[in-house]
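Here's a quick briefing on the model below. Have a look at the structure, and then we'll go through the ligand site, the sheets and the helices.

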Amino acid sequence: MQEIIKAVQDIAIKISEVLKYGDLGYAASSNATGDTQLKLDILSDEIIENRLKELSSIKAIISEEKDAPLSVNDGGEYIIAYDPLDGSSLVDVNFAVGSIFGVYKGSLEARNLVAALYSVYGPRVELVVCDDSVKLFRLNRDNEFKFIKNLELNQKGKINATGGTQKGWSDSHRAMIKSLFDDGYRLRYSGAMVSDLHQVLLKGGGLFSYPATTDAPNGKLRVAFEVLPFAYIYEKAGGATTNGVNDSLLDIKIEQTHQTTPCYFGSKFEIDRVKNG
Ligand code: P6P
């Protein structure tokens, strides 16, 4: 696992540098989910693929930007599913974006997650590493990631990060979101999942939701690369998650590599509100 953490640190440094001066244009291609790819999406994916292919412990890598898994080492024990540049469409307005990694032992199933990591490329470059605890690291002047603190969610928070096209929300979702605002919660939503979830985690809690909508009946966020890694992190940080009805996003079965799901991440109080109204 240490070689994976070191590789992700190297990847985060490289991608953060590319973002500063890279070409913001679109490539001629689109990914398996149908998103038009930015040149930065493809470049970030290449940086990650080239670095992870060096690791003997990795059996295969699965990228949001690639249709199929890529075999790396038959003797490896880990599968890494990753989103190379989450929120990439916001780089042109200089918003914080990031990379998300789920480390699965053996096969691509939620119960086989043994670690999750994500980087945030913002005013600072930060890395969250979660095996048993949730640890925040920050890049220093010497290009080293220094440990800052452990991250934990309060039982109840103050932030309401509301994803999805509001016109397409169900009446019950709309009423639940409104009830939080009526209780004084603050709207904090950038459109980059990695940054929005990082904020809820660092500000002590609240709710991030991307529900089923009329235009995205299975939600928009991808199970293997985005939802499960963050569900693992939020639950290790003392929070909770659900797809709106189940007890945990980690109960989801991965049937297709690029499948999506409605998702809610947050403090226990807010997730209880989602499930029980
Ligand atoms: P919407 C970014 O494209 C992304 O995949 C996530 O990072 C983010 O949470 C979501 O889409 C935003 O989607 O529909 O609110 O623009």
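Around the ligand sit D86, G164, Y189, G191, A192, M193, Y210, K220, L221, R222 and E226, where a residue is near a molecule if one of its heavy atoms lies within 4 Å of it. This is a predicted model: local features need pLDDT of at least 70, side-chain atom pairs count only at pLDDT 80 or more, and totals for chains, interfaces and linings use all residues. Residues are numbered from 1 along each chain as its sequence is written, and side-chain values use heavy atoms, with hydrogens and water left out.

**Ligand site**

- That shell splits into five nonpolar, two polar and four charged residues; Ala, Val, Leu, Ile, Met, Phe, Trp, Tyr, Cys and Pro count as nonpolar, Asp, Glu, Lys and Arg as charged, and the others, Gly among them, as polar.
- Y210 has a polar side-chain atom 2.6 Å from a ligand oxygen, and Y189 has one 2.7 Å from an oxygen of the ligand.
- For K220, an N or O atom of the side chain is 3.0 Å from a ligand oxygen.
- On its own the ligand has 400 Å² of accessible area, and the protein covers 77% of it (Shrake-Rupley method, 1.4 Å probe).

**Eight-stranded sheet**

- An open sheet with mixed pairing runs β4-β3-β5-β6-β7-β8-β9-β10; strands are DSSP runs of E with at least two residues, helices are runs of H or I with at least four, and both are numbered from the N terminus.
- β4 (70-71) and β10 (145-150) are at the edges with a single partner strand each, so one side of each has no neighbour in the sheet.
- β9 (residues 134-139) pairs with β10 in the antiparallel sense over five bridges; two strands count as paired if DSSP finds at least two bridges between them.
- Within that pair, K135 has N150 of β10 as its bridge partner.
- Helix α4 (residues 193-202) packs on this sheet, touching β5 (78-86), β6 (97-105), β7 (113-121), β8 (125-130) and β9, with contact meaning heavy atoms within 4.5 Å.
- α4's direction makes about 100° with that of β7; axes are lines fitted to C-alpha atoms, for helices over the stretch in contact, and angles run from 0 to 180 degrees between N-to-C directions.
- Helix α5 (residues 223-236) lies across β3 (58-63), β5, β6, β7, β8 and β9, also at about 100° to β7.

**Five-stranded sheet**

- The order here is β12-β11-β13-β15-β14, again open with mixed pairing.
- β12 (186-187) and β14 (240-242) are the edge strands, each with a single partner, so one side of each lacks a neighbour in the sheet.
- β11 (residues 159-162) runs parallel to β12, joined by two bridges, and N160 has L187 as its bridge partner in β12.
- α4 turns up here too, lying across β11, β13 (206-210) and β15 (263-266) at about 160° to β13.
- Helix α6 (residues 268-276) packs on the sheet, touching β13, β14 and β15, and its direction makes about 20° with that of β14.

Definitions and conventions:
Polar contact = N/O pair within 3.5 Å; in protein donor to acceptor, adjacent residues only side chain to side chain.
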